[in-house]
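Reader: I would like to learn how to read a pocket and a cavity in a protein model. Could you take me through them slowly?

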Amino acid sequence: MRVGLLTGGGDCPGLNAVIHAVVKKGINQYGDEFIGFLEGWRGVLDNNFIHLTLGRVDGIITEGGTILRTSRTNVRKIEGGLEKCVANLKANKLDALIAIGGDDTQSVTNALIQAGVPGVGVPKTIDNDLSGTDICFGFDTAVGIATEAVDRLHTTAEAHNRVIVCEVMGRDAGWIALTAGIAGNAHVILVPEKPIDLDHVCAVLRHNHENGKKYGIVVVAEGATLPGAQQAAIGGKVDSFGHVRLSGIGQILADEIEKRTGYETRSVNLGHTQRGGTPSAFDRMLATRYGLGAIDLVHKGEFGRLVVLRGTKIESIPLAEAISTNRTLDDSFLEIISSLEPKL
Ligand code: F6P
């Protein structure tokens, strides 16, 4: 078969591991041929691609980023964009298209499937909030980076008797904040699923201070909000899928905490550090399993589906189902946070 591949949306450690697995199994086991569209849907729109050979993918499993590069191009917002993509895919005589991306990328895959393109999706986001799959590759790496940062913030915060607020990624879901916060022994963890109670935050920090812990570590997800407020964002810019650039809740909190408690407070925003660099061994393995699952779906003719992890098994679900909702922290996860807080 002749198969097209692309990576769309924000990059994520493990994208190259998916490409590596798809191409290796496709060529070695099925005798496939591959082209890789460059920069997500923009590559399909402009018919800009490279040939993916065994030589090209050899060794890329260890690399961060994506050899196909990526973009947040939304072809549905471009007049005639979808039609042009369908025409380019046909002109390349593709038997299948594998799109690796989050819900935005997969919403385009879904539209193309409706237009008759034989497509398969592979889920991706460090935020880990795609419904339908238990864990997204990239999340483990991001959590590892965030946890290491939180570990390091403890010693400098303690040395200066400071509070440090560490802002991590997590637009609609607090998976990174929760996991890195718990693993890194943060004193306060704040997530988008629950409005921030500043009185409570300050009470925890004061309680610790009065009991000998003269410093504090707060981990906050970028999408967390103060009651009634909007998510903190840079400027008014939105991307082609309508998302604002989230950033700044860490600094807002640091200012408020210092004002209310009198403790010197600083903020650190980990930002894209969490997405860069080499994937963890766990993510290389998970991404490999997703890739193998995708090329198998193509050869079984099971189009319109998304590869997912359910428990320990790689399965697939209808793609449309997966992009309809976000997987956020439920009460049992929020309870982990409250269970480890001091009794005030
Ligand atoms: O991939 C999801 C995400 O990492 C969000 O947590 C974050 O808000 C967004 O991407 C940032 O994306 P960009 O690369 O456009 O700045």
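Author: On a 1 Å grid over the protein atoms alone, a pocket is an open set of points with protein on both sides within 12 Å along at least five of seven lines, whereas a cavity is a set where a 1.4 Å probe fits but cannot get out; lining residues have an atom within 4 Å of a point. Here the largest pocket is lined by 38 residues, and Arg72, Arg171, Glu222, Asp239 and Arg275 are the ones nearest its centre. This is a predicted model, in which local features need pLDDT of at least 70 and side-chain atom pairs count only at pLDDT 80 or more, while totals for chains, interfaces and linings use all residues. Residues are numbered from 1 along each chain as its sequence is written, and side-chain values use heavy atoms, with hydrogens and water left out.

Reader: How many residues of each class line the largest pocket?

Author: Its lining has nine nonpolar, 14 polar and 15 charged residues, where Ala, Val, Leu, Ile, Met, Phe, Trp, Tyr, Cys and Pro count as nonpolar, Asp, Glu, Lys and Arg as charged, and the others, Gly among them, as polar. The space in the largest pocket is about 880 Å³, a volume being the space filled by probe spheres set on the grid points, which are joined across faces, edges and corners.

Reader: What is the volume of the largest cavity, and which residues line it?

Author: The largest cavity has a volume of about 40 Å³, and its lining consists of Val163, Leu205, His209, Lys213, Lys214, Tyr215, Gly216 and Tyr263. By class, that lining divides into four nonpolar, two polar and two charged residues.
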